[in-house]
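Visitor: I would like a close look at a single helix in this model, and then at whatever surrounds it and ties it to the rest of the chain. Please take your time and connect the parts as you go.

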Amino acid sequence: MKEEYTSLGLMSGTSGDGVDASIIRSDGCTEYKAIKDKYFQYDKEIQQNIHYLKEKICSIKDLSTFVNELSGLERQITLFHAEVVKEISINQRVDVIGFHGQTIYHNPKEKTSNQIGDGKLLSQLTKQDIVYDFRTNDIKGGGEGAPLTPIFHQLIADKYKLDLPICFLNIGGISNITIVE
């Protein structure tokens, strides 16, 4: 049997309305068990700032133009996530935290994606190992910037012995598909 780990995943979607937090136990390959899931809504100020910047940032150049606003919002979002970690992980040991951050600008054709959220600060605040910036290497490797979803879909197909090929449709602010063959 492979070693298992307890992980906390933090995900904020395109809607910019809050954070989905999920604690799971997994060997990282074939087994997983959901332990706790909870949604945490951003306060109005964070939501408004996210949507304001997403409307203003339409190109890579705009990321530089709004660097001060992005930096301030990044800190707010990171502090919010630290509170989420504190609340959801009470009485639960966590080995690692996956921190997505909040997507502000995403364009795989330009090979760029900007998620705000400071993984190093979150690590300092929570005293936990943080894995973050998932999209960058996936995009550099020719992907669309969603590297974790296909791994999970493969695990589901294997675990439940689903007939292959199978297509998973992830419907969100930006939909994506995974085909497992």
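Guide: The part to look at is helix 6, which runs over residues 148-159; its 12 residues reach 17 Å from the first C-alpha to the last, close to the 16 Å expected at 1.5 Å a residue. Please keep in mind throughout that this is a predicted model.

Within helix 6, the buried residues are His153, Leu155, Ile156 and Ala157. As for what lies over the buried residues of helix 6, the cover includes strand 3 (32-41), strand 8 (166-170) and strand 9 (176-180). Just after helix 6, the chain passes through lysine 161, which takes a positive phi of about 50°.

Two of the covering elements belong together, for strand 8 and strand 9 form a hairpin with 5 residues between them. Their pairing is antiparallel and extends over 5 bridges, and within it isoleucine 166 stands opposite valine 180 of strand 9.

The structure holds 5 salt bridges, and one of them joins lysine 159 to glutamate 31, with the closest N and O atoms 3.5 Å apart. That pair links distant parts of the chain, since lysine 159 belongs to helix 6 while glutamate 31 sits in the loop between strand 2 (18-26) and strand 3, 128 residues apart. Both partners are partly exposed: lysine 159 has a relative accessible area of 28%, and glutamate 31 has one of 37%.

Elsewhere, salt bridges link Glu4, Arg25, Arg93 and Asp95 in a network. Within that group, aspartate 95 forms a salt bridge with arginine 93, the closest N and O atoms being 2.1 Å apart. Aspartate 95 is partly exposed, with a relative accessible area of 24%, whereas arginine 93 is exposed, with a relative accessible area of 52%.

Aspartate 62, which lies in helix 2 (residues 60-65), is buried yet has no salt bridge, and the nearest side chain of opposite charge, that of lysine 61, is 5.3 Å away. Leaving out residues up to four places away in sequence, aspartate 62 touches Lys56 and Ile57.

Returning to hairpins, a second one is formed by strand 5 and strand 6, with 4 residues between the strands, and in it lysine 111 takes a positive phi near 55°. Strand 5 (residues 102-107) pairs with strand 6 in the antiparallel sense over 5 bridges, and asparagine 107 stands opposite threonine 112 of strand 6. Strand 6 (residues 112-116) is mostly covered, with 4 of its 5 residues buried.

Finally, leucine 121 is found in helix 4 (residues 119-126), and at 14% relative accessibility this leucine counts as buried, because the limit for that class is under 20%. Apart from neighbours within four places in sequence, leucine 121 is in contact with Arg75 and Thr78. Leucine 121 and leucine 73, by comparison, are 48 residues apart in sequence and 14 Å apart in space, C-alpha to C-alpha.

Technical notes. Residues numbered from 1 in each chain as written. Predicted model: local features only at pLDDT ≥ 70, side-chain atom pairs only at ≥ 80, totals over all residues. Heavy atoms only, no water. Buried < 20%, exposed > 50% of the residue type's maximum accessible area, 1.4 Å probe, protein only. Lys, Arg positive; Asp, Glu negative; His and termini not counted. Salt bridge = Lys/Arg side-chain N within 4 Å of Asp/Glu carboxyl O. Contact = heavy atoms within 4.5 Å. Pairing = 2+ DSSP bridges. Expected span 1.5 Å × (residues − 1).
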